[in-house]
Amino acid sequence: MGLPKAPPTEAQSQDRNPGTKVYVIHEVDAPGVCKIGVAGDLAKRLMYLQCGTWRRLTIAFASEVPTKASAHAVERVVHQYLAVHHVRGEWFRVTPDHANQAVAEAIASLEAAFDVLDTQQ
């Protein structure tokens with residue numbers, strides 16, 4: 001049967017945020033450049049980004065992951081996958097479909113690690 005799990009530490013409790021998402025945002029009129037990032041509150045994140053540009057932005061894709069740490073791991077992998085398309089910061093010259101596919105592949109490649117993290121917390 002195994003030993004009971006120890007209660008999560010404070011850091012682990014803070015990391016567990018069921019609302020943490022990896023997202024793809026792009027301009028409505030020019031969807032060839034996408035931002036790949038992490039947010040707990042996606043609506044607030046979109047509003048914050050929208051304040052910094054006159055172009056309309058939209059969310060193309062968002063995938064919830066188990067923890068903030070796993071969301072950042074997915075984000076890092078996606079940024080590595082798309083490095084040849086890097087424009088600036090977290091923006092990449094790819095279609096929303098290409099960015100979505102990169103996020104899905106990163107999640108699939110890290111899924112086993114998420115399961116390990118889940119059982120440790």
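## Lys35 and its contacts

In this predicted model, the side chain of Lys35 makes a polar contact with the side chain of Glu90, at 2.3 Å. The Lys35 side chain also makes a polar contact with the side chain of Tyr23, at 2.9 Å. Lys35 is found in strand β2. The relative accessibility of Lys35 is 4%, under the 20% limit, so this lysine counts as buried.

Leaving aside residues up to four places away in sequence, Lys35 touches Tyr23, Val24, Ile25, Arg45, Leu49, Glu90 and Trp91. One of these, Ile25, is the residue that stands opposite Lys35 in the strand pairing.

## The sheet

Five strands make up an open sheet, in the order β3-β1-β2-β5-β4, with antiparallel pairing. The edges are β3 and β4 (86-88), each of which pairs on one side only. In general, strands of a sheet pair through backbone hydrogen bonds, either parallel or antiparallel.

Strand β1 is joined to β2 by six bridges, and the two run antiparallel. Together β1 and β2 form a hairpin, with six residues between them. β1 also pairs with β3 (residues 57-64), again in the antiparallel sense, over seven bridges. In that pairing, His26 stands opposite Thr58 of β3. Six of the seven residues of β1 are buried, so the strand is largely enclosed by the rest of the structure.

At 28% relative accessibility, Thr58 counts as partly exposed. Not counting residues up to four places away in sequence, the residues touched by Thr58 are Val24, Ile25, His26, Val28 and Leu46.

Thr58 and Met47 are 11 residues apart along the chain, and their C-alpha atoms are separated by 10.0 Å. Met47 is among the exposed residues of helix α2, whereas Leu46, a contact of Thr58, is among the buried residues of α2.

Helix α2 covers residues 42-51, and Leu42, Leu46 and Leu49 are buried in it. Viewed down the helix axis, the buried residues fall within an arc of 65 degrees, so they line one face of α2. The cover over these buried residues includes β1, β2 and β3.

On the other side of the helix, Ala43, Lys44, Met47, Tyr48 and Cys51 are exposed. At the start of α2, a side-chain oxygen of Asp41 comes to within 3.3 Å of the backbone nitrogen of Ala43.

## Two nonpolar cores

The largest nonpolar core has 20 residues, of which Val22, Ile36, Val74, Val78, Leu82 and Val103 touch the most other members. At least two residues of this core come from each of β1 (21-27), β2 (34-39), α3 (68-81) and α4 (96-120). Helix α4 supplies the largest share, six residues. Leu82 touches Ile36, Phe92, Val94, His98, Ala99 and Ala102, with residues up to four places away in sequence left out of the count.

A second, separate core has seven residues, including Tyr23, Leu42, Leu46 and Leu49. The three leucines named here are the buried residues of α2 described above. Tyr23 is also a polar-contact partner of Lys35, side chain to side chain.

## Ala104 in helix α4

Ala104 is found in helix α4. With a relative accessibility of 40%, Ala104 counts as partly exposed. Ala104 and Ala62 are 42 residues apart in sequence, while their C-alpha atoms are 10.0 Å apart in space.

## Cysteines

The structure holds zero disulfides. A disulfide is a covalent bond between the sulfur atoms of two cysteines. Cys34 has a relative accessible area of 0% and is therefore buried. Cys51 has a relative accessible area of 69% and is therefore exposed. Cys51 is one of the residues on the exposed side of α2.

Notes
Residues numbered from 1 in each chain as written. Predicted model: local features only at pLDDT ≥ 70, side-chain atom pairs only at ≥ 80, totals over all residues. Heavy atoms only, no water. Core = buried A, V, L, I, M, F, W, Y, C linked by side-chain atoms within 4.5 Å. Buried < 20%, exposed > 50% of the residue type's maximum accessible area, 1.4 Å probe, protein only. Helix = DSSP H or I, 4+ residues; strand = E, 2+ residues; numbered from the N terminus. Contact = heavy atoms within 4.5 Å. Pairing = 2+ DSSP bridges. Disulfide = S-S within 2.5 Å. Arc of directions from axis to C-beta. Polar contact = N/O pair within 3.5 Å; in protein donor to acceptor, adjacent residues only side chain to side chain.
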